[in-house]
Amino acid sequence: MLPGRLHSAADLAPGARIKADVAVIGSGAGGAAVAAELARSGLKVAVFEEGRSFAPSDLVSKPSWAFRHLYAGRSVMVGRGKVLIPLAAGRAVGGSTFINSAICFRAPDRVLREWERDFGSPWTPEKLAPLFDEVERALDVQKIGPEIARHNSLVFKRGAEKLGLDGDFISRNAPGCVGCGVCQLGCPIGGKGSVDKNLLPTAIEHGADVYSEVRARDLRVEKGVVKGLTGEILDREDGATGQVHVEAERVFLCGGAFGTPQILQRNGLCNGSGHLGENLHVHPGQAAAALFDEEIRYWDGVTQGYYVHMEDAILETFTGTPELFWAALPLGQMNLRKLKHAASAGCMIRDQGKGHVRWLGEGRLPEITYEMDDADRTLFIKGAREMARIYFAAGAHTSFPLLNPGVEPARSLDEALKQLPDDLPAQRLNPYGSHPQSTCRMSESPRLGVCKPTGETHEVQNLYVADGSLFPTAIGVNPQITILALATGIARDMVRKGI
């Protein structure tokens, strides 16, 4: 098959008609893995992405620019509940892999066993292991070293080792990383192995066409079988300039845990179980920081370089631009001259809390709710205590046990722990959610989920889901490698069974 192309909206005339064996909606981890696998098998694949394609030279390393151009909802989506949780998702060719920190953790075996036991999932540790190996090779996943981690991670490592904690450098798909610390703004040198650098080019090489700036609208379903879709061609301000009509024997929804359920809700499909858009998990994180006599320059080095394992939680170092860090604290607690002495980390938990996603109509952000479970509150407190211990063990003279305006700087571990009592209200936390999942969960039983474990929806034939929305439960680690492995396996099994 001749190679395909990466197309922009300028390549599509209003009313254009496209025919493919498989249409894939979304170009992130799930969509890219599906496209690469199916194109390699000889199928004609067309991928549709709402966001634009960006080269490194197109990027502006400022949060304001990135939020406007690279994030879904321009980074203003919030999970509403007793505690408001800002939420993030990518919107570019490459999806959320374009803006994530390239962290690569495999789903824990015990989580996969739960899926097998409670939801009839065939995606056991044994079945996923070779798929994990395969996608990690494709993305060139490597454990980072101290020369890239740099001081923000090394002081955390120093404290963790003094306490005898279970920690290590983080494995990442960023073979060209130089430690500039702005992954969440798009890699300015192209050193991160986001899927626009590997799996999508593989799909294109084998004949796939990738169309950016196309928003999926209507799924065409006849007698319970999907036949194609209609999309909107977008201008640079997200205005529709025309439609594109796609005929396909199979359609894969890979728009993520926010996008995929909204497409189905808009079309009134696949909610016989009542689980469509429900069961939202967001892998929330809570930040902490500390001040040292030595210079840390936390912005210098890989965005997230070292982790410490806890039960149902991971403590990970992280960086951000200085203005975002400073803005997280009340005036007077941190002056800019102190920033070079600051170190930062966060506690990310396997959340028991849940929420939902609702499509509210054209041109509107979705309704997203999320209620933190009390077990999550307790786990955040445990994580904050552990981070304070690590920082003081590493030699910090001051800690911010929770990085939010409601917490005072602590000059000792005792002072820090006094601010973290067992009954600390959830409203005193300041969590952030960056890995939405489980809103179209898979289950062998159509009563318990939207999709079969094969990825095909229970109610519409030949309509598949292959992204983080498939997860039956929260996995508790950064999800991209699990999404990639699962999507690859689903696509491969579909081909084996015959299209």
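This is a predicted model: local features need pLDDT of at least 70, side-chain atom pairs count only at pLDDT 80 or more; totals for chains, interfaces and linings use all residues.
**Nonpolar cores**

The largest nonpolar core comprises 87 residues, of which Leu219, Val251, Phe252 and Leu264 touch the most other members. Helix α11, spanning residues 480-497, gives the most to this core, with nine residues. Apart from this core lies another, of 57 residues, which includes Val155, Tyr298, Ala394 and Ala396. The surroundings of Val251 can be listed in detail: leaving aside residues up to four places away in sequence, Val251 touches Ala23, Ile25, Leu219, Val226, Gly228, Leu229, Asn462, Leu463 and Tyr464.

**Aromatic pairs**

Eleven aromatic pairs are present in the structure. The rings of Phe48 and Tyr211 have planes at 10° and centres 5.2 Å apart, so this pair is stacked. An edge-to-face pair is formed by Phe156 and Tyr391, with 5.5 Å from centre to centre and 70° between the planes. Because Phe156 lies in helix α5 and Tyr391 in helix α9 (residues 374-394), the pair ties together parts that are 235 residues apart in sequence.

| Residue | Relative accessibility | Class |
|---|---|---|
| Phe48 | 3% | buried |
| Tyr211 | 8% | buried |
| Phe156 | 0% | buried |
| Tyr391 | 1% | buried |

Two further aromatic features may be noted. Phe54, Trp65 and Phe98 form one aromatic cluster, and Lys127 lies over the face of Trp123, at 4.2 Å from the ring centre.

**Backbone exceptions**

Arg150 is not a glycine, yet it has a positive phi of about 60°. Arg150 is found in helix α5, which covers residues 146-162.

His283 is located in the loop between α7 (256-266) and β13 (284-291). Its relative accessibility is 1%, so His283 counts as buried. The side chain of His283 makes a polar contact with the side chain of His435, at 2.8 Å. Beyond four places away in sequence, the residues that His283 touches are Met348, Ile349, Asp351, Tyr432, Ser434, His435, Gln437, Gly476, Val477 and Asn478.

Conventions: Residues are numbered from 1 along each chain as its sequence is written. Side-chain values use heavy atoms; hydrogens and water are left out. Helices (H or I, at least four residues) and strands (E, at least two) are DSSP runs, numbered from the N terminus. Buried means under 20% relative accessible area, exposed over 50%, partly exposed in between (1.4 Å probe, protein chains only). A polar contact is a pair of N or O atoms within 3.5 Å; within protein, one must be able to donate a hydrogen and the other to accept it, and residues adjacent in sequence count only if both atoms are side-chain atoms. Contact means heavy atoms within 4.5 Å. A nonpolar core is a set of buried Ala, Val, Leu, Ile, Met, Phe, Trp, Tyr and Cys residues joined through side-chain atoms within 4.5 Å. Rings of Phe, Tyr and Trp (its six-membered ring) pair if their centres lie within 6.5 Å; planes under 30 degrees apart count as stacked, over 60 as edge-to-face and the rest as tilted. A charge sits over a ring if NZ of Lys or CZ of Arg is within 6 Å of the ring centre and within 35 degrees of the ring normal.
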